[in-house]
Amino acid sequence: MTTNSDYDDVFDRLAETIASRKGAESNTSYTASLFAKGSDTILKKIGEEATEFVLAAKHASLGGRNVFVVKEAADLIFHLFVALADRGIALDDIRAELQRREGTSGHQEKAARTER
């Protein structure tokens, strides 16, 4: 069994690795090739991975295995991190937003949004 300490900073390490691929030769890594193809390709991949996640979760809810949900969630998170890096958004920005929302009802938080 693994513990939380086994995963310390895995998201930070992933974000750093992704950022290091920005500007790299597109034939050297999959991540670099996504950056080279641009935002539209990155966003399309998020849509594809989100759909695959939903399908895996639906299948699991009908008696399928969660292992596929976990794999698709990892794919989705990876591609989300690529999109964040493409926009120059740090994980600390996401952490700060989640912290700001902590303790607030989801209904209240959504009603308070003023910009898009």
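## Overall make-up

Helices (H or I, at least four residues) and strands (E, at least two) are runs assigned by DSSP, and they are numbered from the N terminus. By this definition the protein chain has six helices and zero strands, and from the N terminus on its elements run α-α-α-α-α-α. The C-alpha trace of the chain spans about 45 × 40 × 35 Å along its principal axes.

This is a predicted model, in which local features need pLDDT of at least 70 and side-chain atom pairs count only at pLDDT 80 or more, while totals for chains, interfaces and linings use all residues. Residues are numbered from 1 along each chain as its sequence is written, and side-chain values use heavy atoms, with hydrogens and water left out.

Helix α1 (residues 10–21) has twelve residues and reaches 17 Å from its first C-alpha to its last, close to the 16 Å expected at 1.5 Å a residue, where the expected span is 1.5 Å times one less than the number of residues. After α1 comes glycine 23, whose phi is positive, near 85 degrees.

Rings of Phe, Tyr and Trp (its six-membered ring) pair if their centres lie within 6.5 Å, and planes under 30 degrees apart count as stacked, over 60 as edge-to-face and the rest as tilted. By this rule the count comes to two aromatic pairs. The rings of phenylalanine 11 and phenylalanine 81 have centres 5.5 Å apart and planes at 70 degrees, so this pair is edge-to-face. Because phenylalanine 11 lies in helix α1 and phenylalanine 81 in helix α4, the pair ties together parts that are 70 residues apart in sequence.

Axes are lines fitted to C-alpha atoms, for helices over the stretch in contact, and angles run from 0 to 180 degrees between N-to-C directions. Angles under 35 degrees count as roughly parallel, over 145 as roughly antiparallel, 65 to 115 as roughly perpendicular and the rest as oblique. The axes of α2 (residues 30–37) and α4 (residues 66–87) come within 11 Å and cross at roughly 50 degrees, and α2 and α4 are therefore oblique to each other. In their contact (heavy atoms within 4.5 Å), the residues of α2 that meet α4 include Tyr30 and Leu34.

Helix α3 (residues 39–61) and α4 pack at an angle of about 160 degrees, with their axes 8 Å apart, and α3 and α4 are therefore roughly antiparallel to each other. Among the residues of α3 that meet α4 are Ile42 and Phe53.
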